[in-house]
Amino acid sequence: QVQLVESGGGLVQAGESLRLSCAASGIISSVGAMGWYRQAPGNQRELVATITSGGNTNYADSVKGRFTINRDNAKNTVYMHMNSLKPEDTAVYYCNANISPRSYSNYRNYWGQGTQVTVSS
């Protein structure tokens with residue numbers, strides 16, 4: 001089965017940094033665009049950053065200049081470096097990706113299980 005497995009969340013103080021990672025596993029033909037979303041309690045899930053298979057990136061205004069998304073296509077993995085973290089960054093962060101499984105001729109959209117990021121003041 002194709003899965004997205006996330007890691008790297010945790011509890012940090014304001015101003016500190018974290019790196020999230022998300023690896024696609026399973027029998028895969030190709031991985032298209034990947035991205036990170038987040039959801040805080042009582043809020044809608046929102047886009048944080050995306051990256052295409054060719055490396056083009058897009059960021060939410062709230063994280064521009066602080067977060068950096070990148071990917072390692074050889075490992076089918078996307079990363080997000082989160083610098084200068086603020087309490088308002090506290091949320092569950094979800095990985096998202098378009099993946100073409102070996103058993104299916106088209107891309108499907110997948111979500112990771114989510115990883116908690118908590119930033120204390």
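Let's start with threonine 77, which sits in strand S8. Keep in mind that this is a predicted model. With a relative accessible area of 8%, threonine 77 is buried, because buried means under 20%. A polar atom of its side chain lies 2.9 Å from the backbone oxygen of lysine 75. Looking past the neighbours within four places in sequence, threonine 77 is in contact with Ser21, Cys22, Ala23, Met34, Asn70, Arg71 and Asp72.

Now for the strands around this residue. Strand S8 covers residues 77-82 and runs antiparallel to S7, with six bridges joining the two. Across from valine 78 in S8 you'll find arginine 71. Zooming out, there is an open sheet of four strands in the order S1-S3-S8-S7, with antiparallel pairing. Strand S1 (3-7) and strand S7 (67-72) are the edge strands, each pairing on one side only. On average, neighbouring strands of this sheet are turned by 15° against each other, direction ignored.

On to the rings. How many aromatic pairs does a search of the whole structure find? The search turns up one: tyrosine 37 and tryptophan 111, edge-to-face, at 5.0 Å centre to centre and 65° between the planes. Tyrosine 37 belongs to strand S4 (residues 28-39) and tryptophan 111 to strand S10 (residues 108-111), so this pair ties together parts that are 74 residues apart in sequence. Tryptophan 111 counts as partly exposed, at 40% relative accessibility.

Arginines also lie over the faces of tyrosine rings:

| Arginine | Tyrosine ring | Distance from the ring centre |
|---|---|---|
| Arginine 45 | Tyrosine 94 | 3.7 Å |
| Arginine 108 | Tyrosine 104 | 3.9 Å |

Terms used
Residues are numbered from 1 along each chain as its sequence is written. This is a predicted model: local features need pLDDT of at least 70, side-chain atom pairs count only at pLDDT 80 or more; totals for chains, interfaces and linings use all residues. Side-chain values use heavy atoms; hydrogens and water are left out. Two strands pair if DSSP finds at least two bridges between them. Axes are lines fitted to C-alpha atoms, for helices over the stretch in contact, and angles run from 0 to 180 degrees between N-to-C directions. Buried means under 20% relative accessible area, exposed over 50%, partly exposed in between (1.4 Å probe, protein chains only). A polar contact is a pair of N or O atoms within 3.5 Å; within protein, one must be able to donate a hydrogen and the other to accept it, and residues adjacent in sequence count only if both atoms are side-chain atoms. Contact means heavy atoms within 4.5 Å. Rings of Phe, Tyr and Trp (its six-membered ring) pair if their centres lie within 6.5 Å; planes under 30 degrees apart count as stacked, over 60 as edge-to-face and the rest as tilted. A charge sits over a ring if NZ of Lys or CZ of Arg is within 6 Å of the ring centre and within 35 degrees of the ring normal.
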